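Please read this briefing with the sequence and the three-dimensional view side by side.

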Amino acid sequence: MLIKETFHDIKTSYGTTMRVYIYHPFIPNFPKAKFPGVLVYSEIYQVTGPVSRLAKQIAGQGFIVAAPSVYHNFEGPEPLAYDAEGTDRGNKYKIEKPLESYDEDSKLTIDYLCSLPTCNGKIGATGMCLGGHLAYRAAFDPRVGATVCFFGTDIHSASLGKGKHDDSLKRAKDIKGELLMIFGTMDPHVPVEGRDLIRKTLYDAGVFFSFYEVAGAQHAFVRDENSRERYDPAVTKICLEMLYDMFNRKLKLDLGDNDGLDATAEDVC
């Protein structure tokens, strides 16, 4: 599907301007076509080339993608470099930005997507690294019906934002849409104990979710640039197929209301 690339600047309550990069699918001769909206959250480096390419892939499947630059509290929308200085700045900003500002970013971006006449009103979210955590928090918004988190950091340690004391796991019950959590088993940022904690918390909270641990995969395995030999295109393809399955099912179909009945599995071979 063809894509138009633009951006939209949004004023925040912090007196800053958040730039949101928009990747909008279109079908020639059908100007009134409607599509679901999807938030794509970046790593600690803002909207880099790999994040933009991921956004384009999703947009090409028929989703209006909005990728916010989340460090507007500190500097402009330009991406940080994949080097030591960029990493240090990104990690510094990550824990200096108020948690409430992260949440406002999500709300404002979703508000913008829902305001578009070409949006069908259904919203999904995804992201990698820091963005995986931000996508998880975006799922607290009842308008978000489907969320895919790639190796979300700091969820297990509750250390996102100013003060390094977030409530992401405590608010798991606020997630009403479907959720997919994806991690690599060799990710040092989210060790096995952390993954187990996340999984158990989601189970205990009654979240409808899938949990995929990729054997041997490291952190940033979906990043196709400066990944330091961690990028795995074959596994990335599998993960994106899971994302498309969920987003197509939850955001494009009109499933109607949940009947509230307990689903049962027949004990057959």
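In the hairpin of β1 and β2, five residues lie between the strands, and G15 takes a positive phi near 75 degrees. Strands (E, at least two residues) and helices (H or I, at least four) are DSSP runs numbered from the N terminus, and two strands are said to pair if DSSP finds at least two bridges between them. The model is predicted, so local features need pLDDT of at least 70 and side-chain atom pairs count only at pLDDT 80 or more, whereas totals for chains, interfaces and linings use all residues. Residues are numbered from 1 along each chain as its sequence is written, and side-chain values use heavy atoms, with hydrogens and water left out.

**The hairpin strands and their partners**

- Strand β1 (residues 2–11) is joined to β2 by 10 bridges, and the two run antiparallel; within this pairing, D9 stands opposite R19 in β2.
- Strand β2 (residues 17–26) is mostly covered, since seven of its 10 residues are buried, where buried means under 20% relative accessible area, exposed means over 50%, and partly exposed lies in between (1.4 Å probe, protein chains only).
- β2 also pairs with β4 in the antiparallel sense, over four bridges, and here the bridge partner of Y21 is A67 in β4.

**Strand β3 and its parallel neighbours**

- All of strand β3 (residues 35–41) is buried, seven residues of seven, so the strand is largely enclosed by the rest of the structure.
- Six bridges join β3 to strand β5 (residues 119–128) in a parallel arrangement, and V38 stands opposite G124 in β5.
- Three bridges join β3 to strand β4 (residues 64–68), again in parallel, with V38 standing opposite V65 in β4.
- The chain crosses from β3 through helix α1 (residues 49–59) to β4 in a right-handed β-α-β crossover, a term that applies if, with the strands pointing away from the viewer, the path from the first strand over the helix to the second runs clockwise.

**Helix α5**

- Helix α5 (residues 192–205) has 14 residues and reaches 20 Å from its first C-alpha to its last, close to the 20 Å expected at 1.5 Å a residue; the expected span is 1.5 Å times one less than the number of residues.
- The buried residues in α5 are G194, R195, I198, T201 and L202.
- Seen down the axis of α5, these buried residues fall within an arc of 130 degrees, so they line one face of the helix; the arc is that of the directions from the helix axis to the C-beta atoms.
- On the other side of α5, E193, K200, Y203 and D204 are exposed.
- The cover over the buried residues of α5 includes α4 (130–138), β7 (178–184) and β8 (209–214).
- After α5 comes G206, which has a positive phi, near 75 degrees.

**Individual residues in loops**

- Y231 is found in the loop between β8 and α6 (233–252) and is partly exposed, with a relative accessible area of 34%.
- Not counting residues up to four places away in sequence, Y231 touches F221, V222, R223, D224 and T236, a contact meaning heavy atoms within 4.5 Å.
- Y231 and K252 are 21 residues apart in sequence and 30 Å apart in space, C-alpha to C-alpha.
- D154 lies in the loop between β6 (144–150) and β7; its phi is near 70 degrees, a positive value in a residue other than glycine, and at 12% relative accessibility D154 counts as buried.
- K164 is likewise found in the loop between β6 and β7 and has a positive phi of about 50 degrees although it is not a glycine, but at 48% relative accessibility K164 counts as partly exposed.

**The chain as a whole**

- Of the 269 residues of the protein chain, 52% count as buried.
- Among the contacts in the protein chain with a separation of 6 or more, 71% are between residues 24 or more positions apart.
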